[in-house]
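Trainee: Could we walk through this structure together? I would like to learn how to read it piece by piece.

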Amino acid sequence: MNVAIVGTGYVGLSTGVCLAEIGHHVTCIDHDEKKIKLLQKGTSPIFEPGLEELLQKHILSKQLHFTSSIQEGMKGSEFIILSVGTPSKKDGRVQLSELEKAAEQVGAHIEKGMIVLIKSTVPVGTCERIKQIIRNHSKNEAEFHIISNPEFLREGSAIQDTFSADRIIIGYENRDAAERVKELYRPFHAPYVLTNIRSAELIKYAANAFLATKISFINMIANLCEQVGADISEVATGVGMDARIGSDFFRAGIGYGGSCFPKDVQALIHTAEDENIDFSLLKETVAINERQQQILLKKAENVLGDLQGKKIALLGLSFKPNTDDLRQAPSIAISRSLQERGAIITAYDPVIKKWDSASNGNVQLKNSVTDALQNADGVFLVTEWDEFRRLPWPALLETMKRPAVFDGRNCFPTEQVEACKKIEYYPIGRKPIIKSNGESS
Ligand SMILES: NC(=O)c1ccc[n+]([C@@H]2O[C@H](COP(=O)([O-])OP(=O)(O)OC[C@H]3O[C@@H](n4cnc5c(N)ncnc54)[C@H](O)[C@@H]3O)[C@@H](O)[C@H]2O)c1
Ligand SMILES: O=c1ccn([C@@H]2O[C@H](COP(=O)(O)OP(=O)(O)O[C@H]3O[C@H](CO)[C@@H](O)[C@H](O)[C@H]3O)[C@@H](O)[C@H]2O)c(=O)[nH]1
């Protein structure tokens with residue numbers, strides 16, 4: 001089948017390569033010409049495991065094409081997938097201008113029988129508006145169909161998530177169009193949920209808001225663990241083993257970030273507000289998350305005192321491992337607060353090589369963990385990149401002024417704590433371990 005994807009970002013590109021892999025002919029469209037040129041050469045503009053291999057494979061197989069022209073991309077396509085960004089406005093509501101603009105452009109080239117799938121995350125009622133915009137811009141009044149098809153892939157595991165999706169949501173008003181969409185995705189072997197468009201739109205927000213709330217809940221339990229002498233890892237395991245609760249998205253830490261949870265929770269609060277519903281539970285999810293992002297800072301102040309002039313090393317900057325995405329990353333909130341307190345901030349991340357110090361806090365990016373840790377008063381483990389678990393920690397800590405480790409993801413290997421003669425280890429929701437000359441106190 002022929003598919004056009006409008007918006008070749010994290011979602012559009014991941015979806016595009018996966019649809020090519022299952023045998024479709026895909027044209028990815030983006031108005032960013034630099035991005036398109038890079039993609040045409042087989043280079044991925046984003047860091048996403050497994051993506052570049054599929055990209056190169058299907059450029060060669062001629063199943064994957066890239067263009068900055070909507071007209072060229074849509075020509076002969078049966079399915080038009082819209083996956084442009086829907087970021088937050090300052091007040092937390094959803095900015096729909098990118099999607100509306102894309103809809104106008106799609107409208108100008110829409111043809112009879114085309115199926116337009118809205119994959120961008122959009123508030124309830126948006127798909128109906130987008131349909132109207134496309135119709136208003138259609139020159140030939142072509143009859144087309146609209147489908148709400150929210151996406152659930154995660155950054156860092158986008159390809160794997162697409163091939164083993166828990167479900168595919170198809171919000172439809174025309175049953176034949178829904179059946180054609182089922183056929184498009186059939187090789188993924190995922191269960192379908194066929195529903196009306198508004199329910200499909202809401203499913204996406206409810207899923208993200210629930211997961212974010214689950215994280216805030218376990219973070220509060222972690223904070224309680226610290227006060228009552230319990231261990232969050234064991235508590236989360238014991239609670240999560242109840243099949244009704246589940247152990248996924250139950251890792252305590254420094255709170256959730258990324259381009260989705262923060263904006264989608266805010267958007268759902270606003271949707272409820274517009275219907276005169278005070279979704280106070282979600283407001284608390286957000287408030288807990290904001291406090292949690294400051295927890296390493298508080299611990300560091302308790303241990304190191306005034307942070308003015310102290311050197312703090314941040315390990316990991318992206319909002320989670322295996323991505324280069326910095327959108328709403330906890331590292332930004334942390335470095336801004338450290339800067340306010342006059343700390344000197346160094347950082348290392350395996351893939352982030354650019355950092356906007358003016359808006360994200362003044363951070364000196366280093367090329368290695370060794371350089372970042374040199375002479376530091378403390379290290380914050382911010383993102384649980386795998387490589388941090390395999391470092392020669394005993395030797396590294398000796399290069400620090402004070403071997404104080406503030407572990408925001410509980411990812412520092414326990415055996416390494418044991419191997420260190422001198423360490424002050426402060427995890428989340430667990431007892432700190434202080435060792436000097438090989439003795440714990
Ligand atoms: N990032 C994720 O993990 C994820 C997962 C599920 C759903 N979503 C949702 O999917 C949507 C896209 O997210 P993303 O992270 O891929 O966004 P993104 O910002 O990475 O990509 C959007 C792309 O659309 C392009 N674009 C914008 N307007 C265009 C137009 N008129 N014509 C052509 N190209 C245009 C931009 O240049 C950009 O490359 C959002 O609604 C988001 O909430 C994201
Ligand atoms: O137990 C956990 C799990 C995650 N996180 C944090 O939560 C954030 C989001 O992580 P994750 O959900 O893995 O990444 P995203 O790529 O943001 O994916 C979420 O947002 C996407 C965009 O809507 C959805 O498609 C996905 O289903 C949804 O998981 C990150 O900061 C994680 O560190 C935790 O703190 N504890």
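Trainee: Between which domains does ligand 2 lie?
Mentor: Look at who gives residues to the shell around ligand 2, keeping in mind that domain bounds come from an automatic or database domain assignment. Two domains contribute to that shell, so the ligand lies between them: domain 1 (2-195) and domain 2 (204-291).

Trainee: Before we go on, what kind of model is this?
Mentor: Residues are numbered from 1 along each chain as its sequence is written, while chains are lettered from A and ligands numbered from 1 in the order in which they are written. Local features need pLDDT of at least 70, side-chain atom pairs count only at pLDDT 80 or more, and totals for chains, interfaces and linings use all residues, because this is a predicted model.

Trainee: How many residues surround ligand 2, and which are the closest?
Mentor: A residue is near a molecule if its C-beta atom, placed from the backbone, lies within 6 Å of it. The shell around ligand 2 has 21 residues, and the closest are E155, R251, Y256, G258 and C260.

Trainee: How do the residues of that shell divide into nonpolar, polar and charged?
Mentor: Ala, Val, Leu, Ile, Met, Phe, Trp, Tyr, Cys and Pro count as nonpolar, Asp, Glu, Lys and Arg as charged, and the others, Gly among them, as polar. Sorted in this way, the shell around ligand 2 has ten nonpolar, five polar and six charged residues.

Trainee: Which element supplies the largest share of the shell around ligand 2?
Mentor: Helices (H or I, at least four residues) and strands (E, at least two) are DSSP runs, numbered from the N terminus. Both α9 (197-228) and α11 (261-274) supply at least two residues of the shell. The largest share, three residues, comes from α9.

Trainee: Is E155 buried or exposed?
Mentor: E155 sits in the loop between β6 and α7. A residue is buried if 20 or more other C-beta atoms lie within 10 Å of its own, exposed if 12 or fewer, and partly exposed in between, with C-beta atoms placed from the backbone. E155 has 25 other C-beta atoms within 10 Å, so E155 is buried.

Trainee: Which residues does E155 contact, leaving aside its neighbours within four places in sequence?
Mentor: Two residues are in contact if their C-beta atoms, placed from the backbone, lie within 7 Å. With those neighbours left aside, E155 is in contact with Y10, E48, G258, K320, T323 and D325.

Trainee: Which residue does UniProt list for "active site"?
Mentor: UniProt positions are given in the numbering used here, feature names are shortened, and annotations may be inferred rather than shown by experiment. In the model, the residue in question lies in the loop between α10 and α11, and it is buried because 24 other C-beta atoms lie within 10 Å. The UniProt record, an unreviewed entry, lists C260.

Trainee: How far do the UniProt "binding site" residues spread in space?
Mentor: The unreviewed UniProt entry gives that annotation to F152, L153, R154, E155, K204, F249, F250, R251, A252, G253, G257 and K320. These residues are spread over 169 residues of sequence, and in space, between C-alpha atoms, they reach up to 24.0 Å.

Trainee: What separates the centres of domain 2 and domain 3?
Mentor: The assignment gives domain 1 (2-195), domain 2 (204-291) and domain 3 (293-440). The contact takes 19 residues from domain 2 and 19 residues from domain 3. Taken over C-alpha atoms, the separation of the centres of domain 2 and domain 3 is 24 Å.

Trainee: What is the radius of gyration of the chain?
Mentor: The chain has 18 helices and 16 strands. The radius of gyration is taken over C-alpha atoms, and the globule rule is 2.2 Å times the number of residues to the power 0.38. For 441 residues that rule gives 22 Å, and the chain's value is close to this, so the chain is as compact as a globular protein of that length, at 24 Å.

Trainee: What is the phi of E141?
Mentor: Most residues other than glycine have a negative phi. E141 is in the loop between α6 (126-137) and β6 (145-148), and it is exposed because 8 other C-beta atoms lie within 10 Å. Although E141 is not a glycine, its phi is positive, about 50°.
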